[in-house]
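User: Could you take a close look at one part of this complex for me, the nonpolar core and what surrounds it? I'd be glad of one connected account.

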Amino acid sequence: MTPTLTISRLTKAFPGRAEAGFPFGKARRQRIQAVEALKQVSLTLEAGKRAALLGHNGAGKSTMMKIVLGLIPFDSGEVSVCGARPGSPAARTSVAYLPENVAFHPALTGEEQVRHYLSLRGEDPRQAMEILARVGLASAARRRIGTYSKGMRQRVGLAQTLIGRPRLLVLDEPTSGLDPVSRRDFYDLLDGLAAEGTAILLSSHVLTEVEARTDRILILSGGALVAEGTLAELRARAALPVSLLVRPAPGHAARLAMAFPEGSQDGDGLLRLACTQAEKLPLLARIATLGTAVADLDVIPPSLEDIYSHFSRRDGQ
Amino acid sequence: MSGVLATAICEFRIALRNRWVSIATGMMVLFALVLAAAGSAPTGDVSVDRLSVTVASLTSLAVYLVPLLALLMSFDAVAGEVERGTLPLLLTYPVSRLQILLGKLVAHLAILGLAAALGYGAAALVAVWSDPGALQGLGSLWRLIWSSVLLGATFLGAGYALSSLARRPSGAAGLAIALWLVAVVLYDLALLALIVSDGGGTFTTQALPLALLANPADAFRVFNLSAAEAVAAAGGIGGAAGAIPLWQSAASLLVWPLAAIALAVAAFRRVTP
């Protein structure tokens, strides 16, 4: 089966002038230098898969999405969206997009806006209320969007991505502005779409929510794809140390410290150990031999933030 | 086609909410009624019906008002979408930029047509009410309405082009006002100055007709005045209308909207969201 989205060796540079005045202090210098937004990025996304794009601000996430959507041209490489050129009528029919900070005309109601989008996709506008109900906006559908909160506008944005049966969803920071419960509902919605075969490419700053609800994580840094894989794969590749916290039983702090001279002990006797993934089980076995001298034990794997910063560390930052 | 229609419906709704429909209609009706009241004086010494005289006055009104309304409605069309941030999402939909512009054009033309029909209609009612013989002038009224729509299309297209070039509503508004001043006011003043200094020489006989045809607003005035054979009822630049064959001003009136819309589409295509 051909992948829904194929990107190979994609490169994009913005002429210096386009960036002039963006970071205000550096305007003069930036005007001369072209900004390399994407460098030789390759990836494939199959139907029904969910991929999360992580990266700092300016890492190239939005640029990559805009290229996939055909909104901006690229310099070199190849991009194929559902077998078509990005931005071609065929590609646009099968792709839905949620921009970062999505906006609508404030004079229209949520229902009118969604009806308009339905008509543009050649669908029956009467589905508008049903679609708005799916994102929990049915009660506000007849109010003007100008009166909506940011979270409600975001829901209108999500609603319009549900129109038709998109084969590829491109979501730029889709959960920003949503409360935790809405976020969970949103990922449930995505799970349903993925199960029906929609490929999903989303970007996010919130690592913990991406962790559980995506099949693959892509880390962009300075325009280059620095890591790609499932969370478990990235965890293994980063090989960051595992921390173990050992709480001694009363009166056994000294014995514990003696048994593990490599560890560090704080004031109330809590012993902190660090080891690689491979050393973890032997270490646990050693701890177990101490028997009743150990009151409690916590194993702390490297957090997603640790893994993320391991891969996306930028030079000089 | 459905993309054009959907866009047109949406734009019309927005214009209705933003009071643009009522503003345009109100302005047209108000000015037309003022003109109808003020224009009742010269009927005595002109051997045409009352309505034809009103149409001649309305032509002078439309030359200023229709381009102004068209530019006011259109300057925000692209720049507003860019500023609100609604353009990137719209452009990912399976609808072409041409369809988007045509949809906006259909909606804005409908509003202009409505305003023109109601405004001129009000003035015509006044004319017919005071002189039942004025009904013979209905043909020229109808011509004034559809040629106003064509004139509006030209300036709507120009407004979309400026809106795409400026990319900011404030800049687009400035450019729109500048275009209105140049095309509708300064152009005629310059021609008048040239005629006066020329004193009936080669400029007046050779270049002036071309200069009038080259400006859509002047072509509109010349077309309506010469078609109604009401040249005598109008003074100023309109007096030159007799020298230009009707088909030429009609051609200018038809070609300008196409050129302006082609320009608008070309400018819109260069906008990267």
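Predicted model: local features only at pLDDT ≥ 70, side-chain atom pairs only at ≥ 80, totals over all residues.

Analyst: Happy to. A residue counts as buried if 20 or more other C-beta atoms lie within 10 Å of its own, as exposed if 12 or fewer do, and as partly exposed in between. B:Ala243 has 14 other C-beta atoms within 10 Å, so this residue is partly exposed. Its place is in the loop between helix H10 (216–227) and helix H11 (246–269) of chain B.

The predictor gives the complex an ipTM of 0.88 and a pTM of 0.86. For chain B the mean pLDDT is 88, and 91% of its residues reach 70 or more.

Now to the core you asked about. The largest nonpolar core holds 151 residues, and the members that touch the most others are A:Val68, A:Ala159, A:Val170, A:Leu218 and B:Tyr120. Helix H6 (residues 97–130) of chain B supplies the largest share of this core, 15 residues. Leaving aside residues up to four places away in sequence, A:Val170 touches A:Met65, A:Val68, A:Leu69, A:Val95, A:Tyr97 and A:Leu201. Another core, of six residues, lies apart from the largest one; among its members are A:Leu244, A:Val246, A:Leu271 and A:Leu283.

A:Leu244 also leads us to a sheet, as its bridge partner in S12(A) is A:Leu273. Strand S10 (residues 242–248) and strand S12 (residues 271–275) of chain A pair in the antiparallel sense over five bridges. They belong to an open sheet of four strands in chain A, in the order S11-S12-S10-S13, with antiparallel pairing. Strand S11 (264–265) and strand S13 (294–300) of chain A are the edge strands, each pairing on one side only.

Next, the place where the chains meet. Here 23 residues of chain A are in contact with 20 residues of chain B. Helix H4 (89–94), strand S5 (95–98) and helix H5 (110–120) of chain A each supply at least two residues of the side that touches chain B, and H5(A) gives the most, with five residues. That side of chain A divides into 14 nonpolar, six polar and three charged residues.

One last check concerns helix geometry. Helix H8 (residues 180–195) of chain A has 16 residues, so at 1.5 Å a residue it should span 22 Å; its end C-alpha atoms are 23 Å apart, which agrees. Just after H8(A), A:Gly197 takes a positive phi of about 105°.

Key
Residues numbered from 1 in each chain as written. Chains lettered and ligands numbered in written order. Contact = placed C-beta atoms within 7 Å. Nonpolar A, V, L, I, M, F, W, Y, C, P; charged D, E, K, R; others polar. pLDDT = per-residue confidence, 0-100. Expected span 1.5 Å × (residues − 1). Pairing = 2+ DSSP bridges. Core = buried A, V, L, I, M, F, W, Y, C linked by C-beta atoms within 7 Å.
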